[in-house]
Amino acid sequence: MTQTTQNTFRSSIGGYTVTAEAHPLSAWFVLALRLMMGVAFTWAGVEKLVAPFDAGGYLTNVATTNGNPLAGLFAWMGATPWFVEFANVAVPWGELLIGLGLVFGAMTRLAAFFGAFMMLIFYFGNWSIEHGVINGDFAYMLVFLAVAAFGAERILGLDSYIEQYEVGGEPLIEKYPKLDYVLG
């Protein structure tokens, strides 16, 4: 059994173990990714809340070209009034809350999860594979997942303080260890 240091990543999945050593500058790049996505999503959410936003046109028309495998689903979403109304609220507020969570490093893993989920939906909505299956939406999805995986909230983020908040004389994260999936 090998001893791991603070800058060593080790994970096992399905019997395969990978180990890697992070460069000391990695923390700054992880922070930069978190802040970049946080500012981008905060801005996108504010824009949609300030200016008129209607998801109906996007949902109805976006997936009708390029052989999108989810074209029928997007057409249904665009033709279903209650879903369009839901999307009209969920998209701008979701982007804003995801962005603020990342900017402040609060509930970062939860924010990153929902950011990755939104990017997966956008990936299929903006389906275009003439240059390959990897596009910007897919890349952003991976950035969100990296932010969640690399503990980006512990770098100048509020989650590290929230985790140590004492409840009954015990740090919050120790009293409720499952919060690690939300906070980091």
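**Notebook: a predicted chain, residue by residue**

I began with Asn88, which lies in helix H4. Helices here are DSSP runs of H or I with at least four residues, strands are E runs of at least two, and both are numbered from the N terminus. The model is predicted, so local features need pLDDT of at least 70 and side-chain atom pairs count only at pLDDT 80 or more, while totals for chains, interfaces and linings use all residues. Residues are numbered from 1 along each chain as its sequence is written, and side-chain values use heavy atoms, with hydrogens and water left out.

**Asn88**

Is Asn88 buried or exposed? I found a relative accessible area of 15%, so Asn88 is buried. The classes are buried under 20% relative accessible area, exposed over 50%, and partly exposed in between (1.4 Å probe, protein chains only). I then looked up its partners. The side chain of Asn88 makes a polar contact of 3.4 Å with that of Asp54. A polar contact is a pair of N or O atoms within 3.5 Å; within protein, one must be able to donate a hydrogen and the other to accept it, and residues adjacent in sequence count only if both atoms are side-chain atoms. Setting aside residues up to four places away in sequence, Asn88 touches Phe53, Asp54, Ala55 and Gly56. Contact means heavy atoms within 4.5 Å.

**Helix H3**

Next I took H3, residues 71-79. Phe74, Met77 and Gly78 are buried there. They span an arc of only 95° around the axis, which puts them on the same side of H3. The arc is taken from the directions from the helix axis to the C-beta atoms. I noted the general rule: an α-helix has 3.6 residues a turn, so residues three or four places apart point the same way. Gly72 and Ala79, on the other side of H3, are exposed. What do the buried residues of H3 pack against? I found helix H2 (55-61), helix H4 (81-104) and helix H5 (108-125).

**Tyr58**

Tyr58 lies in H2. Its relative accessible area is 30%, so I logged Tyr58 as partly exposed. Beyond its neighbours within four places in sequence, Tyr58 contacts Phe122, Gly125 and Asn126.

**Asp137**

Asp137 sits in helix H6, residues 136-149. I found Asp137 buried and without a salt bridge. A salt bridge needs a side-chain nitrogen of Lys or Arg within 4 Å of a carboxyl oxygen of Asp or Glu. Which side chain of opposite charge is nearest to Asp137? Lys48 is, at 11 Å. Lys and Arg count as positive, Asp and Glu as negative; His and the chain ends are not counted. The side chain of Asp137 does make a polar contact of 2.9 Å with the side chain of Asn126. Neighbours within four places aside, Asp137 contacts Met119, Phe122, Tyr123 and Asn126.

**Met107**

Met107 is in the loop between H4 and H5. Its phi is positive, about 55°, although Met107 is not a glycine. Most residues other than glycine have a negative phi. I put Met107 down as partly exposed because its relative accessibility is 45%.

**Whole chain**

Last, I took the totals. I counted 9 helices and 4 strands. Buried residues make up 36% of the 184 residues. The C-alpha trace spans about 55 × 40 × 30 Å along its principal axes.
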